[in-house]
Amino acid sequence: MEGVLVRKIKKICVFCGANSGKDVAFVNAAFHLGKVLGKRKIDLVYGGGKLGLMGCVSTAVAQHERKVLGIIPSAFSVNNLVGETCGKEIKVATMQERLVMMMELSDAFIALPGGFGTLEELFQMISWAQLNIHNKPIGVLNINGFFNGLLSFVDHAVKQEFITPRARKILISATTADELVNKLQAFRFEPDPALSKLKWSPSSSQKEKLDLTLRL
């Protein structure tokens, strides 16, 4: 990464499945990602519990003596539904509160293979970056081509002019953990000039008018 200004990343939020998936490569990659984060002295923020890939990555980070923070809706803690969090745990009332806290406490985001919940979290962070709510890097770890279809769809949406080329740059992808973390560190946020006028401070009484032709 010579000649590249490196972003300081101390905490990465990982979105991933509460199942292990069909391919053992997913489990291996989750453990390896945790190992990479540990060696790079990066702490983990995640959805809490010990199920599936979530348990794999959190266990690996803890084994490498880095901090682990699980943010979990109180509803999930009933009857120990998701198992014991590997590290500190914060309980929240709603899924939305969980995601907001993840955004606020993390410096970057990585998605591993997962289902609807993982995809929701991933695209919510992408949408918030597009709206200039945050400027943190977001990437997918594309293990054995798991995200190939999703990435092709996003590129198709660009071709159909529903996603701008500028917005497309928000989503990073790589096939190895080290490569992905390097890309996250090198990421440079390019806000949309019109969307950057939005004021998200709670004290704002008005928002700037936007060009209605914006492709959101």
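The model is a predicted one, so local features need pLDDT of at least 70 and side-chain atom pairs count only at pLDDT 80 or more, while totals for chains, interfaces and linings use all residues. Residues are numbered from 1 along each chain as its sequence is written, and side-chain values use heavy atoms, with hydrogens and water left out.

**Aromatic pairs**

Let's begin with the rings. Searching the whole structure gives three aromatic pairs. Here, rings of Phe, Tyr and Trp (its six-membered ring) pair if their centres lie within 6.5 Å; planes under 30 degrees apart count as stacked, over 60 as edge-to-face and the rest as tilted. One of the pairs joins F26 and F146: the ring centres are 5.5 Å apart and the planes stand at 80 degrees, so this pair is edge-to-face. F26 sits in helix α1 (residues 24–39), whereas F146 belongs to the loop between β6 (138–141) and α5 (148–159), so the contact ties together parts that are 120 residues apart in sequence. Helices (H or I, at least four residues) and strands (E, at least two) are DSSP runs, numbered from the N terminus.

F146 also pairs with F147, with centres 4.9 Å apart and planes at 90 degrees, so this pair is edge-to-face as well. Together, F26, F146 and F147 make up one aromatic cluster.

How accessible are these residues?

| Residue | Relative accessibility | Class |
|---|---|---|
| F26 | 11% | buried |
| F146 | 37% | partly exposed |
| F147 | 1% | buried |
| C13 | 0% | buried |
| C16 | 7% | buried |

**Cysteines**

How many disulfides does the structure hold? There are zero, a disulfide being a pair of cysteine sulfur atoms within 2.5 Å. For C13, the closest cysteine sulfur is that of C16, 9.2 Å away, which is too far for a bond. The sulfur of C16 in turn has its closest cysteine sulfur in C56, at 8.1 Å, again too far for a bond.

**One face of α3**

Finally, a look at helix α3 (residues 95–105), where R98, L99, M102 and M103 are buried. These residues cover an arc of only 135 degrees around the axis, which puts them on the same side of α3. The arc is that of the directions from the helix axis to the C-beta atoms.

Notes. Buried means under 20% relative accessible area, exposed over 50%, partly exposed in between (1.4 Å probe, protein chains only).
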